[in-house]
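This report describes one protein model, moving from a surface patch to the fold as a whole and then to individual side-chain pairs. The structure is shown first.

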Amino acid sequence: LPARWVIHDVGPDHRRPMIDVPGAGLNGDRTSTEREDPPLADSTTTRDELWAAAHAERTALAADLADLADQQWAQPSLCGSWSVEDVVAHLTAAAGTGRVRWLTSVLGARLDTDVHNARRLAEHRGASPGETLARFRRVLTSTTAASGHTAAWLGEGVVHAQDVRRP
């Protein structure tokens, strides 16, 4: 990551690392009405650079996961009740679900994010950890996202990568 970005060891929930991209707010926080990346304070980080960093994080995570045994994929992550495999399926869903499909899914779940996430996990989790990893590898360079806030998608990848690396 560029030197001007800061990764905090612990976020507000006292267990997740946070990423602070100058001009984007801590961990990409924004109001729900904003749709595009805000101008960065130093105007030097472009959307393409943010996506490149997100792709690099996904690629590094895929490499780290390549040698895991099946039982390691079933281990709990730092993400509530989700296993390592569940988090990877979630990252796959996030990289392959655009705005309309995401909204349709959330509305179809009657705004219940647990139902929405369970449906997306079932859709993107493979029959085996190897298949789940193969599906994740297919979206490593995806720029599909449910919102136009690229820094948030970089943060999503960094935080969830730590959710599976740290337990």
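The model is predicted. On its surface, Trp102, Leu103, Leu107 and Leu111 make up a nonpolar patch, and together they have about 410 Å² of accessible area. Leu103 belongs to helix α4, which covers residues 99-108. Its relative accessibility is 41%, so Leu103 counts as partly exposed. Leu111 sits in the loop between α4 and α5. This residue is exposed, because its relative accessible area is 60% and the cut-off for exposed is over 50%. The backbone of Leu111 also deserves a note: its phi is positive, about 65°, although the residue is not a glycine. Most residues other than glycine have a negative phi.

**Overall fold**

The protein chain contains seven helices and three strands. Read from the N terminus, the order of elements is β-β-β-α-α-α-α-α-α-α. Of the 167 residues in the protein chain, 43% are buried. The accessible surface of the chain is about 8800 Å², and carbon and sulfur atoms account for 53% of that surface. Among contacts in the chain with a separation of 6 or more, 63% are between residues 24 or more positions apart.

**Helix α7**

Helix α7 runs over residues 150-165, and its 16 residues should span 22 Å at 1.5 Å a residue. The end C-alpha atoms of α7 are 23 Å apart, which agrees with that expectation. How much of α7 is covered? The helix is mostly covered, with 13 of its 16 residues buried. Arg165, by contrast, is partly exposed, with a relative accessible area of 31%.

**Salt bridges**

Side chains of opposite charge can pair when their charged atoms come close. Across the whole structure, a search finds seven salt bridges.

| Pair | N to O distance |
|---|---|
| Arg165 and Glu57 | 2.9 Å |
| Arg125 and Glu85 | 3.0 Å |
| Asp86 and Arg125 | 2.2 Å |

The side chains of Arg165 and Glu57 meet in a salt bridge. Arg165 lies in helix α7 and Glu57 in helix α1 (residues 47-65), so this pair ties together parts that are 108 residues apart in sequence. Glu57 is buried, because its relative accessible area is 18% and the cut-off for buried is under 20%.

Arg125 takes part in a salt bridge with Glu85. Arg125 lies in the loop between α5 (113-124) and α6 (129-138), while Glu85 lies in helix α3 (residues 84-96), so the pair ties together parts that are 40 residues apart in sequence. Arg125 counts as partly exposed at 31% relative accessibility, whereas Glu85 counts as buried at 5%.

Arg125 also forms a salt bridge with Asp86. This pair, too, links distant parts of the chain, with Asp86 in helix α3 and Arg125 in the loop between α5 and α6, 39 residues apart. Asp86 is buried, with a relative accessible area of 12%. Elsewhere, salt bridges that share partners join Glu57, Asp64 and Arg165 into one network.

Where is Asp70 found? Asp70 is in helix α2, which covers residues 70-73. With 52% relative accessibility, Asp70 counts as exposed. The C-alpha atoms of Asp70 and Glu85 are separated by 9.4 Å, and the two residues are 15 residues apart along the chain.

Thr97 is located in the loop between α3 and α4. Is this residue buried or exposed? Thr97 is buried, with a relative accessible area of 3%. A polar atom of the Thr97 side chain lies 2.6 Å from the backbone oxygen of Ala93. Apart from neighbours within four places in sequence, the residues in contact with Thr97 are Trp102, Arg120, His124, Thr144, Ala145 and Ala146. One of these, Trp102, is also part of the nonpolar surface patch with Leu103, Leu107 and Leu111.

Note on methods:
Residues numbered from 1 in each chain as written. Predicted model: local features only at pLDDT ≥ 70, side-chain atom pairs only at ≥ 80, totals over all residues. Heavy atoms only, no water. Patch = residues over 30% accessible without salt bridge, like charges linked within 9 Å, V, L, I, M, F, W, Y side chains within 5 Å. Areas by Shrake-Rupley, 256 points an atom, 1.4 Å probe, with all protein chains shown as cover. Salt bridge = Lys/Arg side-chain N within 4 Å of Asp/Glu carboxyl O. Helix = DSSP H or I, 4+ residues; strand = E, 2+ residues; numbered from the N terminus. Buried < 20%, exposed > 50% of the residue type's maximum accessible area, 1.4 Å probe, protein only. Expected span 1.5 Å × (residues − 1). Polar contact = N/O pair within 3.5 Å; in protein donor to acceptor, adjacent residues only side chain to side chain. Contact = heavy atoms within 4.5 Å.
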